[in-house]
Amino acid sequence: MAVGGASLKWASRKLGLIDDVKDIDARVASSADGVLFLPALSGYLAPRWNPQATGAFLGLRLHHDRGHFLRAMLE
């Protein structure tokens with residue numbers, strides 16, 4: 001995944017999910033619990049380049065928190 005690190009940087013700067021990269025392990029939930037992250041934040045490469053592709057979080061419920069979002073991003 002070409003944007004794995006960029007996604008975490010985005011989550012830190014724009015969403016405030018990560019205060020410090022060193023805190024990721026402490027904040028990550030044990031499972032994503034149904035939350036899926038599609039990381040196409042800057043387009044997508046396969047099967048061909050699509051600059052209009054967008055990222056998304058799916059499967060959200062009221063009990064999900066910051067740890068579930070981070071776990072989905074890491075998975």
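What follows is a tour of a helix pair, a helix cap and a few residues around a loop. Keep in mind that this is a predicted model.

**Stop 1: the helix pair.** Select helix α1, residues 4–15, together with helix α3, residues 66–74. Their axes sit 10 Å apart and pack at an angle of about 160 degrees. Angles over 145 degrees count as roughly antiparallel, so that is how α1 and α3 run relative to each other. The crossing of the two is right-handed.

**Stop 2: where they touch.** Now show side chains. On the α1 side, pick Ser7, Leu8, Trp10 and Ala11; they meet Leu70, Met73 and Leu74 of α3. Sorted by class, this contact has six nonpolar residues, one polar residue and no charged ones.

**Stop 3: the inside of α3.** Stay on α3 and colour Gly67, His68, Phe69, Leu70, Ala72 and Met73, which are buried. What do the buried residues of α3 pack against? Bring up α1, α2 (24–27), β1 (36–38) and β2 (56–58), and you have their partners.

**Stop 4: the start of α3.** Go to Asp65, which caps the N-terminal end of α3. Look for a side-chain oxygen of Asp65 lying 3.0 Å from the backbone nitrogen of Gly67.

**Stop 5: His64.** Next, select His64, in the loop between β2 and α3. Buried or exposed, at 10% relative accessibility? The cut-off for buried is under 20%, so His64 counts as buried. Leaving out residues up to four places away in sequence, His64 touches Ala32, Asp33, Val35 and Gly59. Zoom in on Asp33: its backbone oxygen lies 2.8 Å from a polar atom of the His64 side chain.

**Stop 6: His68.** Hop over to His68, back in helix α3. With a relative accessible area of 12%, His68 is buried.

**Stop 7: Asp33.** End on Asp33 itself, in the loop between α2 and β1. At 37% relative accessibility, Asp33 counts as partly exposed. Check its backbone too: phi is near 50 degrees, a positive value in a residue other than glycine. Most residues other than glycine have a negative phi.

Note on methods
Residues numbered from 1 in each chain as written. Predicted model: local features only at pLDDT ≥ 70, side-chain atom pairs only at ≥ 80, totals over all residues. Heavy atoms only, no water. Axes fitted to C-alpha atoms, helices over the stretch in contact; angles between N-to-C directions. Helix = DSSP H or I, 4+ residues; strand = E, 2+ residues; numbered from the N terminus. Parallel < 35°, antiparallel > 145°, perpendicular 65-115°, else oblique. Left-handed = near helix turned anticlockwise from the far one by under 90°. Contact = heavy atoms within 4.5 Å. Nonpolar A, V, L, I, M, F, W, Y, C, P; charged D, E, K, R; others polar. Buried < 20%, exposed > 50% of the residue type's maximum accessible area, 1.4 Å probe, protein only. Polar contact = N/O pair within 3.5 Å; in protein donor to acceptor, adjacent residues only side chain to side chain.
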